[in-house]
Amino acid sequence: MVTVEGVFGDRIGSVIRGWMNKIDGINRKYAVPRITMSPGVKIALMLLRLYLVFLVLLLGYKFYTLMQ
Amino acid sequence: MDFGSTFFYKYRRFVKTLQIYLLLSGPGLIVMLADNDAGGITTYTVTGAKFGYGLIWFLLLLLPVAYVVQEMTVRLGAVTKRGHAEAIFDAFGSFWGWFSFLDLALVNWLTLITEFIGMTAALMIFHIPPLITVAVVSVIMMLMVLQGRYWTWEKIALLFAALNLIYIPAAFMVHPSVGEVLSVGLIPHFPGGFNGTLFFFLMANIGTTIAPWMIFFQQSAVVDKGMKEKDIPWGQMDTLIGSAFTVIVAIFLVVVTGTVLYGSEIESAAQAASIIIVSNPWLGTFIAIGLFDAGFLGAICISLASSWAFGEVFGWAHSLNLKIREAPWFYTCYFFALISAGAVVLIPNAPLVLITLFVQVVAVTLLPAALVFLILLLNNEEIMGKYRNTRLQNIAAITIVVVIIVLSTLYGITTLFPGLIT
């Protein structure tokens, strides 16, 4: 089994492992959103997702035109 | 009660009110004057040179825009005792939390570079090499936080914020025609007709009024200052006065460049200062000092906004009231952001123009999210209790947020595709 310690060595690997555990802890701590997911909140978050997808597509298109 | 007693009573009451205000003021004034950062000063300089006094009326509209958005951060911070980054993680979960946090870290770092660009360009006018500027600024900014008291940091920051008002005497130095300023500036109109160029400038001006770091900074500052629910009215007054100052400074700068550079093709505040300094050394010096101060003020707020956010998310001690040994990671983030951003400016042939443009695009990805989260949080009764938004506040906030999102998005798109609307 591949481990971070195996890839990066014990010293750097343990530092990376520490950070991974920290991030994992944050993800667990905030796994469940505290705000009540009312229809209004759901719609707002959905629109935000669509907006971000639109921006990503736009940036992708810009990158594509630059590469041409 | 006779006249003397009434006067004395009112005088004492006024002094008491002023004392409490001076004690509780700070975050609103600092964030609002820092809003006129290097990018903001450049925008206003170019606006004045391009349109004269013609867009002053539009700058006045930015006062309620800035106030309505930033006032919400005061209430949210005072009620939840949490910074904006932590509030997003807690309320919306880790996906939106990480998105906002990483986006903030990136956009803040890039904006910090633009502040250093502004500071080095301003001092280059006085033949001070960028290396000296970056080194001295970094040392001063480190000394500001090392004393281990939020209160002391805030008062030093307020001194630098006061220097932002240098554009007010500068405007008097150019002897503008007051009648013309009022007649041209205060009557809403579109100088030269509504066209792509004008629309770009309207977007740029509104885009510089609300930046993502401002929301995160003020909420964290309110928490670090220890403001409570009962202090909210003072925080609101602080924010209102700050909003007024930010607009006043912008208007006076537009008056300066609208008077002496109207019709010139100016691209930056540093360029304007170096042109003016030839014919009017004092005025040129004032503009250069103002630009340096704007970059400095922006830099101290932005680097702190990032450090607070890192501390909130990773659970590290994060307060200016703590010494370095008590909050090592908080100060490490602060120093790292400063030194790395300053170092980028010193790299020969670094793509600084590209970075400046990229900031506008990246900011567009974060600003709508930060604003939408702000409104959702302020409408949550469980979180805000009786301090949640009223119907009137919601109408104002939602209208302003929608306008900001649309205009800042168009601004970002125009930056990506310059020929789109011109």
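Modeller: Helices are DSSP runs of H or I with at least four residues, strands are runs of E with at least two, and both are numbered from the N terminus. This is a predicted model in which local features need pLDDT of at least 70, side-chain atom pairs count only at pLDDT 80 or more, and totals for chains, interfaces and linings use all residues; side-chain values rest on heavy atoms, with hydrogens and water left out. Residues are numbered from 1 along each chain as its sequence is written, while chains are lettered from A and ligands numbered from 1 in the order in which they are written.

Biologist: What distance separates the centres of the two domains of chain A?

Modeller: The domain assignment places domain 1 at 1–32 and domain 2 at 35–68 of chain A. Taken over C-alpha atoms, their centres are separated by 30 Å.

Biologist: What is the radius of gyration of chain B?

Modeller: Chain B has 18 helices and zero strands. The globule rule gives 22 Å for 422 residues, and chain B comes close to this, so it is as compact as a globular protein of that length, with a radius of gyration of 21 Å.

Biologist: Are α4(B) and α10(B) roughly parallel or roughly perpendicular?

Modeller: Helix α4 (residues 56–80) of chain B and helix α10 (residues 196–209) of chain B have axes 10 Å apart, at an angle of about 30 degrees. Angles under 35 degrees count as roughly parallel. The two helices α4(B) and α10(B) are therefore roughly parallel.

Biologist: Which residues of α14(B) make the contact with α11(B)?

Modeller: The axes of helix α11 (residues 212–225) of chain B and helix α14 (residues 281–314) of chain B come within 9 Å and cross at roughly 70 degrees. From α11(B), the contact (heavy atoms within 4.5 Å) takes B:W213, B:F217, B:S220, B:A221 and B:D224; from α14(B), it takes B:C301, B:I302, B:L304, B:A305, B:W308 and B:E312.

Methods. Domains from an automatic or database assignment. Axes fitted to C-alpha atoms, helices over the stretch in contact; angles between N-to-C directions. Parallel < 35°, antiparallel > 145°, perpendicular 65-115°, else oblique. Rg over C-alpha atoms; globule rule 2.2 N^0.38 Å.
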